[in-house]
Amino acid sequence: MDGTVRSGKGRRLLDRATAGIPASLYPVTHVAELPARPADSVDWPDWVAGPVVEALKANGVEAPWRHQAEAASLVREGEHVVISTGTASGKSLAYQLPVLSALVEDERATALYLSPTKALGADQLRAVSSLDIKKARAASFDGDTPMEERDWVRAHANWVFTNPDMLHRGILSSHARWSRFFRRLSFVVVDECHSYRGVFGSHVALLLRRLRRVAAYYGASPVFVLASATTADPAAFASKLTGQDCVPVTEDGSPRGARTVALWEPPLLSELSGENGAPVRRSAGAEAARILAELVIEGARSLAFVRSRRGAELTALGARRILSEVDGALAESVAAYRSGYLPEERRALEAALLSGRLLGVATTNALELGVDIAGLDAVVLAGYPGTLASFWQQAGRAGRAGDAALVVFVARDDPLDTYLVHHPAAILDRPVEAAVLDPSNPYVLGPQLACAIAELPLTEPEVAAFGGDSARAVLADLVKEKIIRRRTSGWYWTSRDRPHAEVGIRGSGGEQIAVVEADSGRMLGTVDPGSACYAVHPGAVYLHQGSSYVVDELDLETGLALVHAEDPDWTTSPREIVDISVLRTEEKRVHGGVTVNLGEVSVSSQVVGYLRRRPSGEVLDQTPLDLPEQSLHTRAVWYTISAELLGASDGAAGTGGHRTGTEALEPVGTGGSRAGTEELGGAPGTGAELDPARVPGALHAAEHAAIGLLPLFATCDRWDIGGVSTAWHEDTGEATVFVHDGHPGGAGFADRGFAAIVPWLAATREAIVSCECPAGCPSCVQSPKCGNGNDPLDKAGAVAVLDTVLGALRQHGSVSGHGVA
Ligand SMILES: Nc1ncnc2c1ncn2[C@@H]1O[C@H](COP(=O)(O)OP(=O)(O)OP(=O)(O)O)[C@@H](O)[C@H]1O
């Protein structure tokens with residue numbers, strides 16, 4: 001077969017998926033062909049231990065690919081290495097070669113493997129154990145390890161598989177019991193390291209510094225090997241995460257089949273309406289079900305990634321329903337990936353998909369990592385998975401060497417997805433985003449330094465590794481609070497109790513709220529105090545490991561949320577009202593009548609009710625809630641616009657009367673003197689010409705869309721950030737739009753927004769203009785969590801505001817500094 005014929009298969013599957021759709025409703029906005037890549041294999045490096053080569057050959061690996069050999073040899077030479085290549089490119093082998101060789105050669109050498117989830121750790125342990133290399137005594141040490149096995153692991157294992165949570169609570173906190181292990185610690189493997197972002201990533205960065213310090217105390221200085229999905233500038237990220245220089249290996253030598261990538265926007269439905277009568281699109285999950293069914297009819301082995309577990313089940317059910325009308329037996333070949341995530345279940349699923357017994361599987365991102373499924377005929381992504389890294393990780397499950405495949409990205413009703421299906425370059429030509437983390441966040445540094453000092457007294461020269469001046473300020477506070485003591489030789493822990501149990505590394509700290517099943521008394525999980533009103537308010541649908549619960553009661557005093565098992569046919573979205581005040585402006589850029597700022601803010605928020613929605617997007621009702629106000633000290637990026645720039649130009653003021661947000665977009669977005677003829681939008685020197693009555697709705701809509709688009713630049717989820725807009729803010733004295741981090745102290749998201757203000761706001765404008773709805777819908781300016789019921793919202797006004805801001809940014813360049821008027 002020649003290349004053309006091969007890529008024809010992806011096209012053929014796409015034709016099948018779109019068969020019968022009338023031209024007026026044709027959903028595909030773009031199709032791209034990604035070429036095949038041949039394998040680049042090399043000889044085994046001569047330092048790799050004989051038994052390791054033999055075991056790998058026996059497992060079907062004849063020779064390493066070039067990137068595997070290169071990364072492994074660098075590690076062998078003692079370099080810290082980050083390997084950042086595509087899905088199923090064999091990253092595991094890159095660390096297995098040096099680690100296993102060292103364990104074979106040196107009886108006393110040890111290694112640590114860290115993965116973000118227990119399931120992935122179990123999978124990797126299984127892969128290593130199945131090689132059956134005598135001298136490698138690999139074992140897991142996590143929450144599931146029985147007490148009686150733990151002593152054996154501490155005393156005998158030479159490769160310990162664990163996760164950051166256990167390293168924090170169960171290993172570093174009692175390092176003396178691990179002295180044998182630490183003394184010869186030669187390697188630390190940090191798998192799927194791109195998932196360490198935001199607050200969690202900041203905690204892990206400091207945890208790895210604690211690990212290095214403890215290892216050094218026992219005389220070891222391990223080599224770090226990091227494996228990452230493809231990401232921009234992996235070396236910078238890995239160095240920030242580990243605090244040491246890391247050499248990147250990014251040239252992918254694994255083979256890959258050709259892929260056809262189609263971007264797909266479901267149609268607006270005429271028969272349903274959402275909030276304030278806005279139109280809604282057919283849900284991405286329902287669309288994915290249709291596509292999956294068509295692919296299965298074609299005999300294609302396909303995986304559909306759906307955002308929630310319930311969504312995955314509905315998609316599988318939808319596909320089965322369609323198929324049962326064609327052929328009952330075909331319906332049986334579609335399944336939802338069930339939770340539990342046990343290694344055996346994953347293996348069974350892999351085998352069923354490989355053998356063709358199963359043709360279609362709908363899954364959450366549980367199958368994104370740690371599953372050895374590759375070479376499928378098609379992958380459907382129902383909704384953008386949040387980052388390009390995840391996008392390509394999921395898409396990478398399709399296409400094996402020598403055979404072509406199809407990838408379909410189905411947009412959800414959301415501004416980011418709308419933007420992406422209309423701007424293919426943002427998916428196809430953009431480097432994968434760098435993961436963002438901020439280890440200098442004082443809310444993360446405080447508890448982490450406390451743990452570090454409880455582990456071993458901290459000396460002055462060690463402060464640099466924890467961030468230098470920012471760490472020093474936090475240490476002074478801890479001394480003041482009498483949590484630690486300052487002596488000439490350093491900082492000391494004062495209490496007999498360890499702080500570790502109190503420090504949650506996946507959240508923002510503070511007393512956690514326990515989520516408990518009322519009937520059984522079983523604790524399901526914990527929620528940050530800051531997000532409790534939001535995540536577990538009375539009536540909320542709470543998902544835990546794929547099972548659904550409804551919250552009966554939230555008691556913030558006792559730190560308890562009581563729930564019962566229930567799987568209703570709706571989801572809930574809380575409504576909150578938010579107020580913000582500026583505590584400190586760190587940076588301010590002035591561009592004529594527009595300023596762009598970065599700094600610290602205090603956000604007070606109150607959840608005032610919640611909406612119940614069907615998976616179709618239809619709103620069932622709104623229930624009011626009476627919950628206390630919460631306050632959050634965090635970071636924000638904000639822009640202000642002068643009254644002159646916002647206002648109507650001479651003669652026009654007031655003449656048009658009060659225009660409401662129900663007018664069509666065309667006059668602003670696509671024509672007239674102010675229309676953005678370039679991608680950037682915004683002609684210089686013009687104002688927004690908004691009647692004052694329209695300003696609140698215009699700013700509000702611009703804020704919602706900007707929150708929706710920031711994840712394109714800051715690797716956050718839109719739920720990790722919030723925003724406030726106001727026609728007049730008392731701290732700025734002008735119309736202001738704020739977008740703030742949702743975690744105490746921030747996680748670097750606002751900083752990214754500030755750094756990328758022009759592309760971010762240009763993309764925001766494009767997302768709004770790309771949506772064909774007349775006056776605002778969830779695909780552009782409506783927000784699922786708006787406390788004001790998405791009212792007022794002025795879609796056309798938002799475009800005018802963004803054009804004005806972008807025009808000013810272009811025309812006036814930047815004047816930086818404090819207090820520049
Ligand atoms: N050099 C090789 N030759 C042939 N097969 C290989 C080679 N290296 C790895 N493999 C196989 O490729 C598959 C994927 O490997 P692995 O899971 O390590 O990839 P990965 O990059 O870690 O994947 P993911 O993107 O899912 O994290 C495995 O089945 C593995 O056995």
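Author: An open sheet of seven strands, with parallel pairing, has the order E4-E5-E3-E6-E7-E2-E8. This is a predicted model, in which local features need pLDDT of at least 70 and side-chain atom pairs count only at pLDDT 80 or more, while totals for chains, interfaces and linings use all residues. Residues are numbered from 1 along each chain as its sequence is written.

Reader: Why are strand E4 and strand E8 called edge strands?

Author: Strands are DSSP runs (E, at least two residues; helices are H or I, at least four), numbered from the N terminus. Two strands pair if DSSP finds at least two bridges between them. Strand E4 (138-140) and strand E8 (247-249) each pair on one side only, and are therefore the edge strands.

Reader: What makes strand E3 and strand E5 a pair?

Author: Four bridges join strand E3 (residues 110-114) to strand E5 (residues 159-162), and the two run parallel. The requirement is at least two bridges, so they pair. Within this pairing, Ala111 has Trp159 in E5 as its bridge partner.

Reader: Which strands does helix H4 touch?

Author: Helix H4 (residues 91-105) packs on the sheet and touches E2, E3, E5, strand E6 (185-190) and E7. Contact requires C-beta atoms, placed from the backbone, within 7 Å.

Notes:
Contact = placed C-beta atoms within 7 Å. Axes fitted to C-alpha atoms, helices over the stretch in contact; angles between N-to-C directions.
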